[in-house]
Amino acid sequence: VQLQASGGGLVQPGGSLRLSCAASGRIFSISTMGWYRQAPGKQRELVASVTIGGSTNYADSVKGRFTVSRDNAKNTVNLQMDTLKPEDTAVYYCNGNLRTSDLSPYYNYWGQGTLVTVSS
C-alpha cells in the first residue's frame with residue numbers, strides 16, 4: 001500500500017494551495033483519510049480528516065479556511081487550503097486508516113509528506 005501526496009509549495013500569506021493524496025495497492029477498504037502536519041520543533045498534529053461516510057473533523061486553527069474532501073471510488077483525499085497564514089508552514093502528511101482484506105484489521109498508513117511554506 002502506498003499513499004502519494006502532492007501539491008505543496010511556497011505561497012504568500014492569504015494565498016491558497018490544494019494538496020492531493022492517492023492511495024494505491026492492495027486496499028480492501030479505507031475508513032478515514034486525512035491530513036496531518038508537523039512544523040519544525042513541534043509534534044505532528046491532525047489538520048483535517050474525513051470518514052468514508054463524509055463526516056469531517058478539523059483542527060480549530062484551520063476551521064473556516066481549509067476544506068477536506070475524498071473520492072471513495074478513487075481512494076483519494078484532498079485538502080483545499082485558503083487564506084493561508086505563516087503559521088500553516090509545515091510538512092503535511094496524508095493518512096489513511098485502511099485494511100488490505102476483509103480479514104485484516106485497520107492500520108494507519110502514511111504518505112511521504114509535502115512541504116507547505118507560507119511566506120512573503
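Are cysteine 21 and cysteine 94 buried or exposed? Select the two residues: both are buried (under 20% relative accessible area, where exposed is over 50% and partly exposed lies in between, with a 1.4 Å probe and protein chains only).

Before moving on, note that this is a predicted model, in which local features need pLDDT of at least 70, side-chain atom pairs count only at pLDDT 80 or more, and totals for chains, interfaces and linings use all residues. Residues are numbered from 1 along each chain as its sequence is written, and side-chain values use heavy atoms, with hydrogens and water left out.

**Stop 1: the disulfide.** Stay on cysteine 21 and cysteine 94, which a disulfide joins with an S to S distance of 2.1 Å (a disulfide being a pair of cysteine sulfur atoms within 2.5 Å). Cysteine 21 sits in strand E3 and cysteine 94 in strand E9, 73 residues apart (strands are DSSP runs of E, at least two residues, numbered from the N terminus).

**Stop 2: the core.** Now select Trp35, Val47, Phe66, Val68, Leu79, Met81 and Tyr92, which touch the most other members of the 29-residue largest nonpolar core. Such a core is a set of buried Ala, Val, Leu, Ile, Met, Phe, Trp, Tyr and Cys residues joined through side-chain atoms within 4.5 Å. Zoom in on valine 68: leaving aside neighbours within four places in sequence, its contacts include Trp35, Val50, Tyr58 and Leu79 (contact means heavy atoms within 4.5 Å).

**Stop 3: the lining.** Finish with the residues lining the largest pocket, among them Arg37, Ala39, Lys42, Glu45 and Glu87, the closest to its centre. A pocket is an open set of points on a 1 Å grid over the protein atoms alone, where a 1.4 Å probe fits, with protein on both sides within 12 Å along at least five of seven lines; lining residues have an atom within 4 Å of a point.

Technical notes. Helices (H or I, at least four residues) and strands (E, at least two) are DSSP runs, numbered from the N terminus.
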